[in-house]
Structure formats: C-alpha cells, structure tokens
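Open the model in your viewer and keep the selection panel at hand. The tour goes stop by stop.

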Amino acid sequence: MFRDVFDCESYSLVNKSLTYGSREAHTLGRRKKDVAQSFGVRSEWDGTPPLKVFQFLRKFAKACDDNDVSEAEAFFMLQDFTKEPLRSEVMSVMPSRHGGNPGEVNSYLELINWMLRYHADEASLAAQVEEFNRATQTPGESERTFAERLRQLNVLCGFIHPQGVIKGRFVEGVHRAARVTVRERNTPSMTLAELARIAQTKGDEYRWIVSDQRREREKEARIAEAMPYPGRAATSHVSPQP
C-alpha cells in the first residue's frame with residue numbers, strides 16, 4: 001500500500017544527469033534562486049512533523065523539474081531548502097564539496113532515500129492513515145475547517161488518497177445536519193472546496209436554528225422565573241393558627 005511513497009524513484013527528476021563539475025558548481029547559486037522561486041521563498045522545512053517529508057520531497061522535485069535542474073545539482077541543493085535542526089542532519093550525511101568527507105550518501109536518490117527512512121516508517125504512516133479514516137467534524141469546527149484538516153491529514157499520509165476518497169471521508173465525517181445534503185449534491189467533478197461550501201451553508205443554517213431555539217428557551221425560562229408561584233399571594237397574609 002505504501003510502496004510508492006517510500007520508493008525514492010517516485011521523487012526522481014526529469015533531468016537525470018549526474019555530471020557535476022566546475023561549470024555546475026559555478027552556476028549553482030543562480031540555479032538555487034530559480035528553484036527557490038518555484039519552491040516558495042521562506043518555505044524551508046525543519047523536519048517537523050516528520051511525515052511532512054513526502055510533501056517536502058514532492059515540492060522540491062517539482063521545483064527542480066520546473067527549472068530543468070539535474071539530479072547532480074539537486075543533490076548539492078536540497079540542504080539549502082531545509083532549516084535547523086534538519087539542515088545540520090542533512091549536512092552530516094553529505095560528502096563535502098571539496099573532498100575530505102565521503103559522506104553516507106553520494107547521489108540525489110540516495111539522499112532522498114535517507115530522507116524518507118530518517119523521517120518515516122510504515123507503522124507511523126499506517127497510524128496516520130487510520131487517523132484519516134476515522135476523522136469526523138469536531139464540536140466548534142466549521143465544515144470548511146474540517147475539509148482543510150482532511151487535506152492536511154492526506155499530506156501526512158503521503159498523498160495516497162485521491163480527491164474522491166478525501167471527499168468521501170468528508171461526507172461521512174461531516175455533522176449529520178449537513179451530511180444528507182452533501183451526499184446528495186456530491187458529484188465526481190465537484191471539488192472538495194465546493195463540497196465544503198455547500199456543507200458550510202447547511203451547517204450555518206442548522207446552527208442558526210439551534211441558536212434561535214436556545215434563545216427562545218432562555219426567554220421562556222426568564223418569564224417563568226418572573227411569574228409568582230400559584231397561591232403565593234393568597235397565602236402570604238393568612239394569620240398563623242394559635
């Protein structure tokens with residue numbers, strides 16, 4: 001079930017060149033700036049939560065492919081898209097650029113494999129998948145927030161769930177006040193965001209009705225408290241028996 005997400009080949013680059021000489025070293029700084037524009041400025045990862053490694057590697061690989069970066073270049077570039085404490089951990093397994101330290105990894109795919117094994121294992125991923133499968137809307141959580149939580153859970157699951165599965169979990173996990181409506185309105189072409197908007201509208205309507213009913217009960221309770229008890233006025237002036 002998890003074979004693809006743990007396979008380093010899943011994060012391989014289109015440009016598989018392993019050539020890294022003085023020319024590549026000279027242009028590496030400019031190439032990193034290009035990749036950073038695609039990757040996202042200030043989007044470096046510190047290694048937490050560990051299962052976010054799948055998202056990080058997919059994002060890095062896409063940014064490299066967008067700029068025709070080779071696997072040889074990406075090998076020396078990846079550490080610059082991390083931050084402490086992960087950066088020091090990555091650098092500790094890398095070979096030095098000027099020799100001296102051979103390193104534990106010597107290629108882009110070896111580094112990717114190390115990243116995967118260092119941060120995740122099948123047991124932790126299986127536990128995350130189980131959390132996704134049991135996810136339900138919690139009290140005080142809006143329908144849109146619940147949908148976003150499911151998206152984030154799928155990130156930590158290594159993106160193994162397609163859009164249809166995420167929508168199915170949303171339909172089953174959303175509050176019962178909106179469940180029938182979204183189940184009826186859901187179509188294969190509808191996005192999770194669109195489905196969440198429908199659920200939000202139905203949920204807001206339900207919460208307004210509940211709130212209105214509560215206000216009415218509170219009003220009735222205040223009126224009841226203000227009314228005298230039956231017989232109180234009639235008995236208040238009766239003289240005690242000798």
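Where is the place of Phe159? Select it: Phe159 is in the loop between helix 7 and helix 8 (163-173). This is a predicted model, so read each stop as a computed one.

Stay on Phe159 and check the backbone. Its phi is near 60°, a positive value in a residue other than glycine.

Now go to Asp68, in the loop between helix 2 and helix 3. Asp68 also is not a glycine, and its phi is positive, about 55°. With a relative accessible area of 49%, Asp68 is partly exposed. Most residues other than glycine have a negative phi, and most peptide bonds are trans.

For peptide bonds, select Thr48 and Pro49. The bond joining them is cis, with omega about -15°. Pro49 lies in the loop between helix 1 and helix 2. Next, select Glu84 and Pro85. That peptide bond is cis too, with omega near 5°. Pro85 sits in the loop between helix 3 and helix 4.

Select residues 53-66. This is helix 2, with 14 residues. From first C-alpha to last it reaches 20 Å, close to the 20 Å expected at 1.5 Å a residue. Colour its buried residues: Val53, Phe54, Phe56, Leu57, Phe60, Ala61, Ala63 and Cys64. Then show what covers them, which includes helix 1 (22-39), helix 3 (71-77), helix 5 (108-119), helix 6 (122-134) and helix 7 (143-156).

Turn to the rings. The structure holds ten aromatic pairs. Select Tyr20 and Phe76: this pair is tilted, 4.5 Å centre to centre, with 35° between the planes. Tyr20 lies in the segment before helix 1 and Phe76 in helix 3, so the pair ties together parts 56 residues apart in sequence. Tyr20 is partly exposed at 27% relative accessibility, whereas Phe76 is buried at 11%.

Move to Phe39 and Phe81. Their pair is edge-to-face, 5.0 Å centre to centre, with 65° between the planes. Phe39 is in helix 1 and Phe81 in the loop between helix 3 and helix 4, 42 residues apart. Both Phe39 and Phe81 are buried.

Key: Residues are numbered from 1 along each chain as its sequence is written. This is a predicted model: local features need pLDDT of at least 70, side-chain atom pairs count only at pLDDT 80 or more; totals for chains, interfaces and linings use all residues. Side-chain values use heavy atoms; hydrogens and water are left out. Helices (H or I, at least four residues) and strands (E, at least two) are DSSP runs, numbered from the N terminus. The expected span of a helix is 1.5 Å times one less than its number of residues. Buried means under 20% relative accessible area, exposed over 50%, partly exposed in between (1.4 Å probe, protein chains only). Contact means heavy atoms within 4.5 Å. Rings of Phe, Tyr and Trp (its six-membered ring) pair if their centres lie within 6.5 Å; planes under 30 degrees apart count as stacked, over 60 as edge-to-face and the rest as tilted.
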